[in-house]
Structure formats: structure tokens, C-alpha cells
Amino acid sequence: MKLKYYLRGLGVGIVCTAIIMGIALSGKEKLTEAEIIERARLLGMVMAEEVEAEEPEEENQEKQENSTEEETPNNQENQIPQMENQESVVPEVPVEEPTEEPVAEPEIKTIEVLPGEYSDVVSQKLFEAGLIPDAEAFNKYLMDSGRDQNIMTGVHQIPMGASQDEIIKILGEKPE
């Protein structure tokens, strides 16, 4: 008789587990291939087409280097007889002093996060300021990583060209 109750409890447990798993897994949405590629680019993945596009440029540079190496011996042969006819005079080479180029500071954008604003509003402000390429993808990245809860209210100074992680770090710090 105890076996009967044991089997009944086991059966009820399996049925309940199947129902719970069915509900839990039905809520996940499947990403399309375009969404997967876009997310990979946001995370810093380099596509094969981009790598192949860079390789021909490297081959062209190698060809140019090889062609200059081939031309160099001919130029040296032409210069040797001329040097024999001239007196041994060492030409003065002007020495150029190194010039200090001013380092251009990146443009700083100001983003104000007000109390009660969610990550989607902040993402839209970042997109409008030109700091991120896609507001929805950035907001999804924030929510998936759980860092959407770390955004501090106030006025944040964000440099142009900052990566997503740098932007998230700046938004998570208390503004001055």
C-alpha cells in the first residue's frame, strides 16, 4: 500500500514539474538571425566580411613594399657613378625639431537622468545625443546584464566614442 502512495506522489510531481517548465520556457522569445548579428556587433564581434575586406589592403601594402625594394637597387646603381665624380662632400640634412601636436580632447556630451526615468528613457537620450547606435539594443543589453538598476540620477558627462561598458560605468557612478 505504501508503494501505491509513493508512485502516486511521484506521478503528481512529474506532472507539476512538466507544467511549470512549460510555462517557464514558453515566455522566452527566440531571436532572429539579424537580431543575433546586431547583438554580436554590439558586444564587439568582428564579422568575417570585415576581416576579408582588410586583408586585400595588407596585400597591396606588401606589393608596394616589394616594388620599392626592387626599385632601390636600380637607384643605387645610378647614384654610385655620380658620387665617384663628385668630391666627398657630406650634404647637410636639416634637423627637424619634433613639433608637439595638441591632443584633441573628445567631445563631451551631457546627459541628465531624472528621478523615475527607466533605462529605456536613458537609452533614448543616449541615442539622441549620438553616443550609441541603437537605443533598443542598448536598453536590452542593460536589462540582460542587470545593470539597468545601477543608473544614478543626475547630470552625467560622457565622452563621444565611449564604449557601451564605459557609458554604463559612467551612468552607474554618482555625478559630481
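This is a predicted model: local features need pLDDT of at least 70, side-chain atom pairs count only at pLDDT 80 or more; totals for chains, interfaces and linings use all residues.

Is D144 buried, partly exposed or exposed? D144 is partly exposed, because its relative accessible area is 42%, between the 20% and 50% cut-offs.

**How confident is the model?**

- Across the chain, the mean pLDDT comes out at 77, with 66% of the residues at 70 or more.
- Confidence is highest in helix α4, residues 119-128, where the mean is 92.
- At the other end of the scale sits helix α3, residues 48-85, which has the lowest confidence in the chain, at a mean of 55.
- Over residues 70-81, pLDDT stays under 50, and the model shows zero contacts beyond four places in sequence for that stretch.

- In general, side chains of opposite charge can pair when their charged atoms come close.
- The structure holds five salt bridges, and one of them joins D144 to K140, with the closest N and O atoms 3.5 Å apart.
- Both D144 and K140 belong to helix α5, residues 135-145, where they sit four residues apart, or about one turn of the helix.
- K140 counts as partly exposed because its relative accessibility is 33%.

**A link between separate parts**

- R147 and D165 also form a salt bridge through their side chains, at 3.1 Å from N to O.
- R147 lies in the loop between α5 and β2 (154-159), while D165 is in helix α6 (residues 164-172), so this pair ties together parts that are 18 residues apart in sequence.
- R147 has a relative accessible area of 26%, which means that R147 is partly exposed.
- D165 is partly exposed too, with a relative accessibility of 41%.

**The E107 and K109 pair**

- E107 forms a salt bridge with K109, and their closest N and O atoms are 3.6 Å apart.
- E107 has 48% relative accessibility, so E107 counts as partly exposed.
- For K109 the relative accessibility is 23%, which also makes K109 partly exposed.

How values were computed. Residues are numbered from 1 along each chain as its sequence is written. Side-chain values use heavy atoms; hydrogens and water are left out. pLDDT is the predictor's confidence in each residue, from 0 to 100. Helices (H or I, at least four residues) and strands (E, at least two) are DSSP runs, numbered from the N terminus. Contact means heavy atoms within 4.5 Å. A salt bridge is a side-chain nitrogen of Lys or Arg within 4 Å of a carboxyl oxygen of Asp or Glu. Buried means under 20% relative accessible area, exposed over 50%, partly exposed in between (1.4 Å probe, protein chains only).
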